[in-house]
Amino acid sequence: MSTPHNRAENGDFAKTVLMPGDPLRAKFIAETFLEDPRLVTDVRGMYGYTGTYQGRPFSVMGSGMGMPSIGIYSYELYTQYGVENIIRIGSAGSYTDKAKLFDVVLATGAYSESNYAVTQSGDTDDIQTPSVALNDALRASAKAAGIPLIEGNIHSSDVFYRQPSDEKPTYWEKLRDEKGCLAVEMESFALFHNARVLGKRAACLLTISDSFVSPEITTAEQRQTSFTAMMKVALGVDAFLEK
């Protein structure tokens, strides 16, 4: 059952997988929130764990950075390991003062200039959408936990270091104003696309870690350990998700 990228065996993953980009964040989540977590894969240092949360089985696995990476790991989880739900939990840079540092964003769509979808299946849509059922369950989980969510489109970028430009408005201002993008990250477009073509469910929760409209920024340690609100919303989802 193992793949070139995953040594887990059949049954090692729960039906719901939380997927941060950083494998060390996956390790932290498993050791902090899950009961009896066990390491099920560590190929290429991409840690995956399975345990329980409030009696419900959960897995957490890193995705790496960028759409090609999460594209591989999520596709294999869906097709080889019987996973039904993947919730990306990550950090994002805000494009608006409506989304401030440590706010939790629930993506209702992911816009991208990437050719991932057209290459994978011929899909030319530049906005990929998450599962309605999974997003509804996350809203219910957030409400039960008293954690506010900011909702809207996000930008999934292929580029982290963009060449400086004097163009006005800036590229991110255009994405904010024309596409309604609240923030930028690098993975959800591919995850949403994989879920849609495979008949599975995907969602994305993001914590604002830095901002294009404010000088505030979080440290790497804060991004790894302090996004507990987002984690609690994600871990509460199974109580509200129809099987």
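Biologist: How do the residues lining the second largest pocket divide by class?
Modeller: That lining has three nonpolar, three polar and three charged residues (Ala, Val, Leu, Ile, Met, Phe, Trp, Tyr, Cys and Pro count as nonpolar, Asp, Glu, Lys and Arg as charged, the others, Gly among them, as polar). A pocket is an open set of points on a 1 Å grid over the protein atoms alone where a 1.4 Å probe fits, with protein on both sides within 12 Å along at least five of seven lines; lining residues have an atom within 4 Å of a point.

Biologist: Is this model predicted or experimental?
Modeller: It's a predicted model, where local features need pLDDT of at least 70 and side-chain atom pairs count only at 80 or more, while totals for chains, interfaces and linings use all residues. Residues are numbered from 1 along each chain as its sequence is written, and side-chain values use heavy atoms, without hydrogens and water.

Biologist: Which residues line that second pocket?
Modeller: Arg162, Gln163, Pro164, Ser165, Glu167, Lys168, Thr170, Tyr171 and Trp172.

Biologist: And the largest pocket, which residues lie nearest its centre?
Modeller: Met65, Ser91, Phe160, Met186 and Asp210, out of 27 lining residues. By class, the largest pocket's lining has twelve nonpolar, seven polar and eight charged residues.

Biologist: New topic! Is Asp123 buried or exposed?
Modeller: Asp123 is buried, at 11% relative accessible area (buried means under 20%, exposed over 50%, partly exposed in between, with a 1.4 Å probe and protein chains only).

Biologist: What does Asp123 touch?
Modeller: Beyond its neighbours within four places in sequence, Asp123 contacts Ala117, Val118, Gln128, His193 and Arg196 (heavy atoms within 4.5 Å). The C-alpha atoms of Asp123 and Val197 are 9.6 Å apart, although 74 residues separate them along the chain.
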